[in-house]
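Here is a friendly briefing to read with the model open beside you.

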Amino acid sequence: MKRLELPERPGWKEEAEKLGFGFHTMYGAPYWDESRAYSFSLKEIEDDIEDPSQELYGMCLELVDRVVRDDALLQKIAIPQDYRSWIRQSWEAETPSLYGRFDFFYNGTGPAKLLEFNADTPTALYETGFFQWMWLEEQIKAGVLPEDTDQFNSVQDRLIERFASMFAPGFHIHFASSKDQDEDRATVRYLEDCSKQAGLIPHFVAVEEIGVDEQGRFADSDAFVIDALFKLYPYEDMFREDYGPYLPGAPVQLIEPPWKAILSNKAILPLLWEMFPEHPNLLPSFFEGEADDAFLAGPHVRKPFFSREGANITLRGLGDEELTTPGAYGAEGHILQAYTEPPKFGDDYAMIGSWIVGGQASGICIREDRHPITQDLSRFVPHVIQEN
């Protein structure tokens, strides 16, 4: 694994904006950064990222099967009582999942270390599945990269295949995200396009405009009944909405399925460590209040059960002062995870996101930041597979 310095494509920003990637630059700083790229060998991709991602996903499914049947564990990870039977039923019915993303620290040596699993509402999907692949094709065509350069990226094809396996052609499916969230809207728009390529008929509805009719059915702002809903909106927030109490009884298929409410919770990290102790891709993790003195004496990270984009993360034990990111999360509880040194290339720390689509490891994205905690404005950097 190494970082390459590369020339940018002429006019790429104008092209990005034509394609709906208007947030390539945010607050005057680059979000998409193609002045560099990360290069991996095929062995690094297959042995150190793809295979562990597949194994970890299987481990996560084992965890759901355990937790969903244990009311004490559901209580411990802050799943509200009113939704537990519904979540259990969705698991037992094998309600299908579309996608998720593992976040790893990996530098080309030693096993990749799991930081967390974005199992319900991961973003950076459009950048990974479409724009990153287009960048590769154009850089090969321009002679910047050799013709045999590849990329670990079957994300778009897998998304289309998954939609086609979940719904019959001509099925109407709704997609929802919050108003005024450009990145979320781009992710949803991309998924709408993938569903259309799978033969479905997509409709957009803002999360804030979802309603419930007199029969307890979910409906959009045009009173069109929602039979299936991809919602880029976390379950813990949906539970607090006015329509939350209607979720268990509504005749709607949700994507991600309700059982993902278990996996979209950092409380799975200590549970995974308990179920699979000393696994090479896991970091020692504990619920706050359950770690021993030896663990607490070493460097570790405090994370809330629920948070997005690196909010409310605290690094301890690296010096005299704690390093904390701002945010409004943490009311439900916290976990502690052993600190591992993030890979650093030049002045930048790098994190790898590994995508699971339809239960299969399907590609990666890379985020860079001068700060060791990846946040919402961390730069997206493309990657390649090269043997030389």
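Predicted model: local features only at pLDDT ≥ 70, side-chain atom pairs only at ≥ 80, totals over all residues.

**The largest cavity**

- The largest cavity holds about 680 Å³ of space.
- Its lining is made of 40 residues, and those closest to the centre are Asp103, Glu116, Asn118, Lys266 and Gly310.
- Strands S5 (99-105), S6 (113-118), S14 (300-304) and S17 (334-338) are the elements that give two or more residues to this lining.
- S6 gives the largest share, with 4 residues.
- By class, the lining of the largest cavity has 19 nonpolar, 10 polar and 11 charged residues.

**The second largest cavity**

- The second largest cavity has a volume of about 40 Å³.
- Around this second largest cavity you will find Leu114, Leu269, Trp273, Leu282, Leu283, Ser285 and Gln337.
- No charged residue takes part in the lining of the second largest cavity, which divides into 5 nonpolar and 2 polar residues.

**The second largest pocket**

- Turning to open spaces, the second largest pocket has a volume of about 200 Å³.
- Its lining consists of Leu19, Gly20, Phe21, Tyr126, Phe130, Gln156, Ala186, Arg189, Tyr190, Asp193 and Gln197.
- H7 provides the largest share of the pocket lining, 5 residues.
- The pocket lining comprises 6 nonpolar, 3 polar and 2 charged residues.

**Helix H5 and its ends**

- H5 has 17 residues and spans 24 Å from its first C-alpha to its last, close to the 24 Å expected at 1.5 Å a residue.
- Buried residues in H5 are Leu125, Tyr126, Glu127, Thr128, Gly129, Phe131, Gln132, Met134, Trp135, Leu136 and Gln139.
- Alanine 124 has a positive phi of about 70 degrees although it is not a glycine.
- With a relative accessible area of 0%, alanine 124 is buried.
- After H5 comes glycine 143, whose phi is also positive, near 85 degrees.

**Glutamate 192 in H7**

- Glutamate 192 belongs to helix H7.
- Is glutamate 192 buried or exposed? Its relative accessible area is 12%, so glutamate 192 counts as buried under the 20% cut-off.
- The side chain of glutamate 192 makes a polar contact with the side chain of arginine 185, at 2.9 Å.

**Serine 362 in S20**

- Serine 362 is part of strand S20 (residues 360-369).
- Serine 362 is buried, and its relative accessible area is 0%.
- Asparagine 153 is 209 residues apart from serine 362 along the chain, yet the C-alpha atoms of the two are separated by 6.0 Å.

**Backbone points in other loops**

- As background, most residues other than glycine have a negative phi, and most peptide bonds are trans.
- Glutamate 256 is in the loop between strand S12 (253-255) and helix H9 (260-263).
- Alanine 223 is not a glycine but has a positive phi, near 65 degrees.
- The loop that holds alanine 223 runs between strand S10 (218-219) and strand S11 (228-231).
- What is the relative accessible area of alanine 223? The value is 60%, so alanine 223 counts as exposed, the cut-off being over 50%.

How values were computed:
Residues numbered from 1 in each chain as written. Heavy atoms only, no water. 1 Å grid on protein atoms, 1.4 Å probe; cavity = no way out; pocket = protein on both sides within 12 Å on 5 of 7 lines; lining within 4 Å. Points joined across faces, edges and corners; volume = space filled by probe spheres on them. Nonpolar A, V, L, I, M, F, W, Y, C, P; charged D, E, K, R; others polar. Expected span 1.5 Å × (residues − 1). Buried < 20%, exposed > 50% of the residue type's maximum accessible area, 1.4 Å probe, protein only. Polar contact = N/O pair within 3.5 Å; in protein donor to acceptor, adjacent residues only side chain to side chain.
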